[in-house]
Amino acid sequence: MNLIVVGASAGLGRALADRLAQEKHNLLLIAGDEADLKAISADLNLRHSVQVEIAAVRLQCDQNSIEKVLAKASALGNIDGILFPLGYSRTDDDGTLGCDDINRIVNSNMAGIIALCSHYLPAMLQRGEGLLVFFGSVASERGRSSNIVYAAAKRGLQSFAESLRHKCSATNINVQYYQLGYLNTAQTFGKKLPFPAAEPKDAADYIVRNLNKRFGLEYYPWFWRFICLGLRYTPWMVFKKLKF
Amino acid sequence: MQVQPRQFISFDGSTRLNGFEAKPEHYRYFDELSNKFADASGKRSRQDAGAPGIAAEHVQTTDTCENGANRKSDTKNAPIDSENFNPAVISRGAGLSYAAASFGEKVCSVDHAQFNRILNFSKEQKLIEVEAGISLGKLYDFLIEHDLFLATQPGHPRITVGGCIAPDIHGKNQFMDGTCINQVESLKLFHPSHGIIELSPHSNEELFRLTCGGYGLTGNIISCKLKLKSIPSNMAEVTLRPLNRIEELPAMLRASADKADFIYSWHDFNVRGKDFGKGFVQEGRFIESGSRPAEQATATRKKAADQTLKAETRGGLPFPIFNPLSVAIMNALYGAKGANGSSFEMSLFDSVFPIQNVKELYFKFFGAAGFHEYQVVIPESNFGTYIEGIRHALKRHSLPITLASAKLFSGKRDLLRFTGDGICFAINFARGEEASKLLKELDQLVIRCDGAPNIIKDSRLSKEVVAACYPEYDLFRSQLRQFDPKRIYQSELAERLAL
């Protein structure tokens, strides 16, 4: 398949790019850092003999960034699927951010993703097949006093993915949404976490093994399904006292 | 730049130090590091800093770097732990060195794990360019598909290429292929005051020689071009030749050198009398093909890649399994396999990386207290004196020797590089009071025998012993200061040896 991986230069995105190249998929890798993308593309091309294109673009909901992606994607031909393992959060996301910071969080976690999807959806609907894989965060299960804009954007993304799945239910377009728990990346580095962090490589293995499965929402690692279930049904009187 | 406090433990179990760790995922990190040091030195930008010492006159810096180090950095949102961050740094690869070369008290260890990509490859020219954090196992997996091979490699597949260059490690073929520096065509070194510098035997040669064998003290090795060697298949044939008297070892190694691609020996140092040091020499040759299917070799590699040998978990057992009885039994069993001489085929991977899978238990069997490896290179003419010295020392300090092994060496000793003409000889034993006394005697013995101990294998070696054994110790120190007067790159090893 010809696949686009958005957010491919680090963490889960990089692990996914490696795993997908191992499965002999041709790739367009999108991330903000060109130097890292060049290194990853050379590595994947040499080790797995697949076509790897790169686009150093910070994806957002504007025509300019979408067109930069499209220009690079044309080298691959028809795009069969897009994976969005990207996210952007910041420690001062406490409800007091300025417009630029809010825009960046919303663009990176939702608006940019929706814009790119919206471009490719008509072609996928016409062919009647395609693959769209979205990644959310357990941080968006319930609103808390931290990661406020981030969680709102991720919850918006989840709603968008559900809508797409509904729209595409009569076709062979597979829409998957992973709700991710902690992963061992630079984002979690050095933090004391209440639950173990999964390795991006293991997550990528799991995701690639399940690319053909049709499901709406999947939790990774699996135990987060139960933690999130508990969180969702925690009464407000209790939840408001939780500090996490 | 995200920096976190961390307690580091040396792989041999000796050193527990508090330092800091940075886990970068992008080249942008090195930009941030440059800015950090520019800020610390009075807001001076790196571009204005110039290159002091060696660098001012001879170093050619790269103006536009494909790795992006000269690009404007995006530090606005980077969580910098400025309060705790000490402006001393050091690179860290797999963290499997016996000595504490990749960390130090209040030193920031830069984890190179994410910098592990293959950047360029030419089968015709037999050259590969890789980032320094790539593991030898990953590199092997790629090269074997092209019937190529990195000639000098240590014994574990998780060791990184940067971790080979920094201490200029050797393999089991040092006598014919030299040390790691001989396999490096060129490398890119990052230093906050100099940016990214390309080093090779032809460009910035002095700094190249200072970096290959510089224990990471000249900067972060970002990437390197490595020279490769052709091999006929992924199989090797190993012949075991019994050795009844250890005094005959140098002659036997020399005799094997003409017909082997790699050689090493095994000895039993726990028997007394005339059998002291008996054992066998292992002669390995690359062969055209073998009876073992390639798939099986691949499976072995994958299994090895999943192993979790770490400094932090090596000492999980509260007590050692090794004691005089268990070591005697182990050596008797191991020694029996070479007693009558035999030949067998094995995968090249297993022969290059003998310490993997179940054999990793060897390190864990020392328990929490840890172990010592005392590895020296001794001129051939003094080998008999050295062995006799060990024999007498062991009479005074009775310790079970878990491993005694030798390799043939060839070359000229310079700076702090572990090389030279002669026999490379290593012994392992458990850490403890008696072991410390034995080591003090061995230090004096190696000085008397005009030998040199391996700095990267010994976490308690003193600067006096190193200065006595390495004639260019002072030259190394002065060259290092010439290049980096502020001595930004530090480690426990550097501090202990006053480098």
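Biologist: Before we start, what counts as a salt bridge here?
Modeller: A salt bridge is a side-chain nitrogen of Lys or Arg within 4 Å of a carboxyl oxygen of Asp or Glu. Keep in mind that this is a predicted model.

Biologist: OK, which residue does A:Asp43 form a salt bridge with?
Modeller: With A:Arg47; the closest N and O atoms are 3.0 Å apart.

Biologist: How many are between chain B and chain A?
Modeller: Two. One of them joins B:Arg117 to A:Asp36, with 3.0 Å between the closest N and O atoms.

Biologist: What else about that interface? How many residues are in contact?
Modeller: On chain B 26 residues, and on chain A 21. The two chains bury about 2000 Å² between them, and 49% of that is on carbon and sulfur atoms.

Biologist: Changing topic: at what angle do helix 14 and helix 15 of chain B pack?
Modeller: About 155 degrees, with their axes 10 Å apart. Angles over 145 count as roughly antiparallel, so helix 14 and helix 15 of chain B are roughly antiparallel to each other.

Biologist: Left-handed or right-handed crossing?
Modeller: Helix 14 of chain B passes helix 15 of chain B in a right-handed crossing. Residues making the contact include B:Tyr386 and B:Ile390 of helix 14 and B:Leu438 and B:Leu442 of helix 15.

Biologist: How do the contact residues divide?
Modeller: Into eight nonpolar, two polar and three charged.

Conventions
Residues are numbered from 1 along each chain as its sequence is written. Chains are lettered from A and ligands numbered from 1 in the order in which they are written. This is a predicted model: local features need pLDDT of at least 70, side-chain atom pairs count only at pLDDT 80 or more; totals for chains, interfaces and linings use all residues. Side-chain values use heavy atoms; hydrogens and water are left out. Axes are lines fitted to C-alpha atoms, for helices over the stretch in contact, and angles run from 0 to 180 degrees between N-to-C directions. Helices (H or I, at least four residues) and strands (E, at least two) are DSSP runs, numbered from the N terminus. Angles under 35 degrees count as roughly parallel, over 145 as roughly antiparallel, 65 to 115 as roughly perpendicular and the rest as oblique. A crossing is left-handed if the near helix is turned anticlockwise from the far one by less than a right angle, and right-handed if clockwise. Contact means heavy atoms within 4.5 Å. Ala, Val, Leu, Ile, Met, Phe, Trp, Tyr, Cys and Pro count as nonpolar, Asp, Glu, Lys and Arg as charged, and the others, Gly among them, as polar. Buried area is the accessible area (1.4 Å probe) that two parts lose on being put together, summed over both.
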